[in-house]
Amino acid sequence: MGTVALAAGIAVLGVVGAGFGIGIATSKAVEAVARQPEAESKIMKNLILGCALAEATAIYCFVIAILIIMMLGQ
């Protein structure tokens, strides 16, 4: 069971990258809106799309970790 937990933990490490990506994207979007307030709607559309894609990557990592636990944990 220890190796299964280790494998699942490694699979979930992708969530860290998604978290950093969303944080960096949000900070850059706030900077962009501060510089050009008139472009806020375009910036927010792109921010939401990018965050959704990064979050999808995190969800895929979580699903892989759950599958590892279910398939190898038996």
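At what angle do H2 and H3 pack, and how far apart are their axes? Here is a short tour that answers this along the way.

1. **What you are looking at.** This is a predicted model, in which local features need pLDDT of at least 70 and side-chain atom pairs count only at pLDDT 80 or more, while totals for chains, interfaces and linings use all residues. Residues are numbered from 1 along each chain as its sequence is written, and side-chain values use heavy atoms, leaving out hydrogens and water.

2. **Confidence.** The average pLDDT (the predictor's confidence in each residue, from 0 to 100) is 90 for the protein, and 97% of the residues score at least 70.

3. **Overall build.** The protein has 3 helices and 0 strands, which gives the pattern α-α-α along the sequence. Helices (H or I, at least four residues) and strands (E, at least two) are DSSP runs, numbered from the N terminus. The radius of gyration, taken over C-alpha atoms, is 17 Å, well over the 11 Å that the globule rule gives for 74 residues, so the protein is more spread out than a compact globule. That rule is 2.2 Å times the number of residues to the power 0.38. Along the principal axes, the C-alpha atoms fill a box of roughly 55 × 15 × 5 Å.

4. **H2 against H3.** Back to the opening question: these two helices pack at about 175°, with axes 8 Å apart. Axes are lines fitted to C-alpha atoms, for helices over the stretch in contact, and angles run from 0 to 180 degrees between N-to-C directions. H2 is therefore roughly antiparallel to H3 (angles over 145 degrees count as such). Contact means heavy atoms within 4.5 Å; residues making it include Ala18, Ile22 and Ala25 of H2 and Leu47, Cys51 and Ala54 of H3. By class, this contact has 14 nonpolar, 2 polar and 2 charged residues. Ala, Val, Leu, Ile, Met, Phe, Trp, Tyr, Cys and Pro count as nonpolar, Asp, Glu, Lys and Arg as charged, and the others, Gly among them, as polar.

5. **H1 against H3.** The axes of H1 and helix H3 (residues 40–72) come within 8 Å and cross at roughly 170°, so H1 is roughly antiparallel to H3. Val4 and Ala8 of H1 and Ile64 and Ile68 of H3 are among the residues in contact. This contact has 11 nonpolar, no polar and no charged residues.

6. **Burial.** Of the 74 residues, 20% count as buried, meaning under 20% relative accessible area with a 1.4 Å probe, protein chains only.

Terms used:
Angles under 35 degrees count as roughly parallel, over 145 as roughly antiparallel, 65 to 115 as roughly perpendicular and the rest as oblique. Buried means under 20% relative accessible area, exposed over 50%, partly exposed in between (1.4 Å probe, protein chains only).
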